[in-house]
Amino acid sequence: MISVSIIGFGNVGSQLSRKWNLTDASKAQQSGTSRVQLTSILTSKADQILAKMPDLPLVSTWDAWTPAAVNILAVADDQIEAAAQHIADDALVVHTAGSVAMNVLKRFPRRGVFYPLQTISTEASIDWTQVPFCIEAAQEADYPLLEELAQSLGSTSRRLNSHKRKEIHLAAVMLNNFTHHLLQQVAAYCEDLDLPQHLLQPLLEETVSKFYKNNLLKTQTGPARRGDYQTLKSHLELLKGRPQQGLYHQLTNSILHTYGREKL
């Protein structure tokens, strides 16, 4: 059994904690399948969280914290170094950030990264089978440990160095955050004009499905793809004075440029 300590109770820390909490671990132990024991979770909000989830091994101070076989820094990117200062040099310490190099933990001979490549929020229900982990370790002997942690969640893992992980994190930001923002803007536009947003759902599902199975350059459609400037200009006129106009104009010009057409 692998003992794990999580430092931080934000989006990633709280979700990992729930998955590895003592109640689930004890059930798994009874069935002979337990591989992870969550020994401690360090958070300044321990008292108020315990009122809601008393089964979690929460502590609120470093004095009450004890290291484990794997110590996971699930804190904000700019807090990783500060949190690591409290941990002894001989521990295995990993962080969960996509864009931060492993060597931010260079003080530790046994250091690594355990980065979940998925959008994770505190209250969401997470299907861990749909969360691949990008892992990195300074010592080859620690890779199997991180791989086993991912397997205990029902997840897969992929070994990526810090540079490649930063590149995939950038791709993830464009795919998830930018798409989410675009969807939010479309939803706001529909709400403002009292348009039936549900009519767009089949279109959204078909659009996303193209990501998995087709050559995206060949399957682009729409007025910008075919160079229909009359329609594009009428759309911009409809959006005049609305916050979506700038976004429409910028994305339209990106499509026009991609296909060798003159920008608006």
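Strand S2 (residues 36–42) and S3 run parallel and are joined by 2 bridges; strands count as paired if DSSP finds at least two bridges between them. Across this pair, Ile41 stands opposite Leu58 in S3. The structure is a predicted model, in which local features need pLDDT of at least 70, side-chain atom pairs count only at pLDDT 80 or more, and totals for chains, interfaces and linings use all residues. Residues are numbered from 1 along each chain as its sequence is written, and side-chain values use heavy atoms, with hydrogens and water left out. Helices (H or I, at least four residues) and strands (E, at least two) are DSSP runs, numbered from the N terminus.

The open sheet consists of 8 strands in the order S3-S2-S1-S4-S5-S6-S7-S8, with mixed pairing. Strand S3 (58–59) and strand S8 (157–159) are at the edges, each with a single partner strand, so one side of each has no neighbour in the sheet.

Strand S7 (133–137) pairs with S6 in the antiparallel sense over 5 bridges, and Ala137 in S7 is the bridge partner of Gly112. With S8, S7 runs parallel and is joined by 3 bridges; here Cys134 stands opposite Arg158 in S8. Of the 5 residues of S7, 5 are buried (under 20% relative accessible area; exposed is over 50%, partly exposed in between, with a 1.4 Å probe and protein chains only). Phe133, Ile135 and Ala137 point one way from S7, and Cys134 and Glu136 point the other way. In a regular strand the side chains alternate between the two faces of the sheet.

The axes of helix H6 (residues 162–192) and helix H11 (residues 244–258) come within 11 Å and cross at roughly 130°. Axes are lines fitted to C-alpha atoms, for helices over the stretch in contact, and angles run from 0 to 180 degrees between N-to-C directions. H6 and H11 are therefore oblique to each other (angles under 35 degrees count as roughly parallel, over 145 as roughly antiparallel, 65 to 115 as roughly perpendicular and the rest as oblique). In H6, His181, Leu182, Gln185, Ala188 and Tyr189 meet Gln244, Leu247 and Leu251 of H11, contact being heavy atoms within 4.5 Å.

Leu217 lies in helix H8 (residues 216–219) and is exposed, with a relative accessible area of 52%. Beyond its neighbours within four places in sequence, Leu217 is in contact with Arg225, Thr258 and Tyr259.
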